[in-house]
Amino acid sequence: MNKDEHLQHILDRLVETYSWQPAKSLWILETSWNDVAGEYIAKNTRVIGYKPKILTVAVKSSSWAQELQFFIPELKQKINDLLGSVFVEDIHTRIFWKAFRPPVYRMGTGEISVRVGRVKPRTDNLKDLVNQVETNYHLAVKQWLNEGYQPCVSCGSPTLKPYRLCSVCEKKS
């Protein structure tokens with residue numbers, strides 16, 4: 001197993017262990033948006049959010065929100081084909097001009113904030129990066145539990161109070 005295959009194996013294991021498949025699918029969609037949507041649509045839209053089966057797309061204006069309605073059936077099909085599952089059943093639009101601002105480069109930190117705060121990792125060391133991801137995950141879980149979520153009875157991931165299982169475990173059962 002070469003270095004790249006080993007890294008892919010580690011990342012796949014993290015995705016599986018922490019039920020990150022929706023986040024991975026969303027990342028694939030965001031990075032492929034130009035190909036999926038086509039240049040005409042991608043120039044005037046941005047993927048900004050996802051809730052189970054519902055993709056939220058930012059548009060520059062109300063006229064673009066209206067025009068995008070004509071493309072939704074085709075977009076859903078292309079997205080689901082790309083990801084190999086029924087990832088999106090509906091697409092919602094939001095007029096959000098801030099999503100179209102150029103990236104902000106923070107001088108001296110080596111970090112780049114794109115759109116809504118994506119940053120470059122502070123290290124190239126894989127072990128440090130994995131530890132950083134695990135730490136951030138556990139801090140987020142702690143915050144969710146403090147904000148009224150409860151652990152999934154199957155995997156321990158945060159889930160809303162009325163539900164016993166998270167959406168991933170619910171699909172498995």
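**Notes on a predicted model: helix packing and cores**

1. Start with two helices. Helix α2 covers residues 21-37, and helix α5 covers residues 72-83. Their axes come within 10 Å and cross at roughly 125°. The model is predicted, so keep that in mind throughout.

2. The crossing of α2 and α5 is right-handed.

3. Now look at the residues between these helices. On the α2 side they are S25, I28, L29, S32, W33, V36 and A37. On the α5 side they are L75, K78, I79, L82 and L83. Nine residues of this contact are nonpolar, two are polar and one is charged.

4. Take I28 as one example from α2. Compare the position of I79. I28 and I79 are 51 residues apart along the chain, yet their C-alpha atoms are separated by 9.9 Å.

5. Next, the largest nonpolar core. It has 21 residues. Which of them touch the most other members? They are L29, W33, L55, L75, I79, F87 and I91. Several elements give two or more residues to this core: α2, α3 (39-42), β2 (53-59), α4 (62-68), α5 and β3 (88-95). With five residues, α2 gives the most.

6. Set aside its neighbours within four places in sequence. L29 is then in contact with V36, V47, L55, I79 and F87. Find I79 in α5, where it also belongs to the contact with α2.

7. There is another core, apart from the largest one. It holds six residues, among them I10, Y18, V130 and Y137. Two of these names, I10 and V130, return in the next helix pair.

8. That pair is helix α1 (residues 3-17) and helix α6 (residues 126-146). Their axes lie 12 Å apart, at an angle of about 5°. Angles under 35 degrees count as roughly parallel. So α1 is roughly parallel to α6.

9. Which residues meet here? L7, I10 and L14 come from α1, while L126, V130 and E134 come from α6. The contact of α1 with α6 has five nonpolar residues, no polar ones and one charged.

10. One backbone detail is worth checking. K53 lies in strand β2. What is the phi of K53? It is near 75°, a positive value in a residue other than glycine. Most residues other than glycine have a negative phi.

11. Finally, step back to the whole protein. It has seven helices and seven strands. Along the sequence they follow the pattern α-α-α-β-β-α-α-β-β-β-α-β-β-α. Of the 173 residues, 28% are buried. Consider contacts between residues at least 6 apart in sequence. Of these, 45% join residues at least 24 apart.

Conventions:
Residues numbered from 1 in each chain as written. Predicted model: local features only at pLDDT ≥ 70, side-chain atom pairs only at ≥ 80, totals over all residues. Heavy atoms only, no water. Axes fitted to C-alpha atoms, helices over the stretch in contact; angles between N-to-C directions. Left-handed = near helix turned anticlockwise from the far one by under 90°. Contact = heavy atoms within 4.5 Å. Nonpolar A, V, L, I, M, F, W, Y, C, P; charged D, E, K, R; others polar. Core = buried A, V, L, I, M, F, W, Y, C linked by side-chain atoms within 4.5 Å. Buried < 20%, exposed > 50% of the residue type's maximum accessible area, 1.4 Å probe, protein only. Parallel < 35°, antiparallel > 145°, perpendicular 65-115°, else oblique.
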